[in-house]
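Here is a quick tour for you, with the sequence and model close at hand. Have a look at the fold below, and then we can walk through a few helices, some backbone details and the overall picture.

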Amino acid sequence: MVTIFRTINGKVIPINVSEAYDYQPVRSLRKYDSSRLLDKKHYCTFEAFTIPNVRCPVCGQFVFYYEHPNGGRVYFEELGPPWLKHPCTSHEQPKKLKPGERESLRELQKVPRWKLENWQPFKIQKVKKVSVGTGLPKGIEVTVYSGDITAQFSLSSVKMRTMRVNYHSVKGLLVQGRLDDLGISFELHDGSKSHVVKGKVIHRKTPGMKLKSIEIELPNHDGHYAFLKGRVGRKEIFTIFDLSEMVYQKALDHLLLNKLNVYISQKETQSSKWFDIDFDLFNYNDHLCTFKNLKAYQRENYLSPSQKAKSIAQTKQKRGGNSCIADAFQKAFQNQS
């Protein structure tokens, strides 16, 4: 419980409130006209979640500046869970980016943590007032979308008071969503703190065929090829990721974090072939990379020396070959591991 004081009709009145917020009071915004700094529709684009819009006035680092109609404003390091705030605490006016700086940022910007953890930004499409029953509190139903996913979540009037938003200002919230086995979860940020709500997917268009039974074999210390195996129905998928290329490193990172929603689509839709053709690989609706579907026996051509030693030792042991030779290969493998 926090006590604040307000002057009403010439008298100082103590008022007890249940919670204190860490953002700046509205009067502090009078230092400058914030509307000149941040367009109200700035975060209506998905691009705004990955490209910083200002420089920090203290250290000059590229950061994300956000303000909500309820008075909350903040500098973010990344614009998504866990909502890392920029450590500088100065309340000076942020510096707008120069025209050339924004384009150069596209090359410098690393993959944000929230994207690696399969969060994705959503835009608010529609807000509808709802009543959950006679005599019960009313609330709102919010429809959001991202790519080929359309979803909904509800906020009760009690939750709206806690978040200090109303029917109109809810449209200014930052929304990130993540799919899981139980549906979809959202994190909403109002410039002060994040709020977690559960939602439901009402429409989703998948980018292709779902890849199941995924197995990933990582390289040993003396190699740089990773192997991906999976199935689409009764058909097999096998490919090789050259981890010396950044695009395949990032694709592998996504797959290691989440194997549940992986899809592939054939680039040449008219082709009846299944092997030695190119496929696109997706995680949810994010395009990860393009790969060539190979036959499993081609794996032998990409093994590192230590992997070859282990493979030969195991093959000889299965076939009942000379145990001395098999043991020698196995020992060579262990010494290189």
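In this predicted model, the buried residues of helix H5 are Ser306, Gln307, Ala309, Ser311 and Ala313. Helix H5 itself runs over residues 305-318.

- With 14 residues, H5 reaches 20 Å from its first C-alpha to its last, close to the 20 Å expected at 1.5 Å a residue.
- Helix H4 covers residues 246-257 and has 12 residues, which should span 16 Å at 1.5 Å a residue; the end C-alpha atoms of H4 are 17 Å apart, and this agrees.
- Which residues of H4 are buried? They are Tyr248, Ala251, Leu252, His254 and Leu255.

**Backbone details to look up**

- The peptide bond from Pro81 to Pro82 is cis, and its omega is near 5 degrees.
- You will find Pro82 in the loop between strand S5 (73-76) and strand S6 (95-96).
- Asn118 has a positive phi, near 70 degrees, in a residue other than glycine. Its place is the loop between helix H2 (113-116) and strand S7 (120-121).
- Is Asn118 buried or exposed? Its relative accessibility is 8%, so Asn118 counts as buried, the cut-off being under 20%.
- Arg164 is not a glycine either, yet its phi is positive at about 60 degrees. This residue sits in the loop between helix H3 (157-163) and strand S11 (174-180).
- Arg164 has a relative accessible area of 42%, so it counts as partly exposed.

**The chain as a whole**

- The chain holds six helices and 20 strands.
- Of its 337 residues, 40% count as buried.
- Among contacts with a separation of 6 or more, 51% join residues 24 or more positions apart.

**Confidence**

- The average pLDDT of the chain is 77, and 72% of the residues score at least 70.
- Over residues 19-36 the pLDDT is below 50, and this stretch has 29 contacts in the model beyond near neighbours in sequence.
- Where pLDDT is low, the predicted coordinates should not be read in detail.

Notes: Residues are numbered from 1 along each chain as its sequence is written. This is a predicted model: local features need pLDDT of at least 70, side-chain atom pairs count only at pLDDT 80 or more; totals for chains, interfaces and linings use all residues. Side-chain values use heavy atoms; hydrogens and water are left out. pLDDT is the predictor's confidence in each residue, from 0 to 100. Contact means heavy atoms within 4.5 Å. Helices (H or I, at least four residues) and strands (E, at least two) are DSSP runs, numbered from the N terminus. Buried means under 20% relative accessible area, exposed over 50%, partly exposed in between (1.4 Å probe, protein chains only). The expected span of a helix is 1.5 Å times one less than its number of residues.
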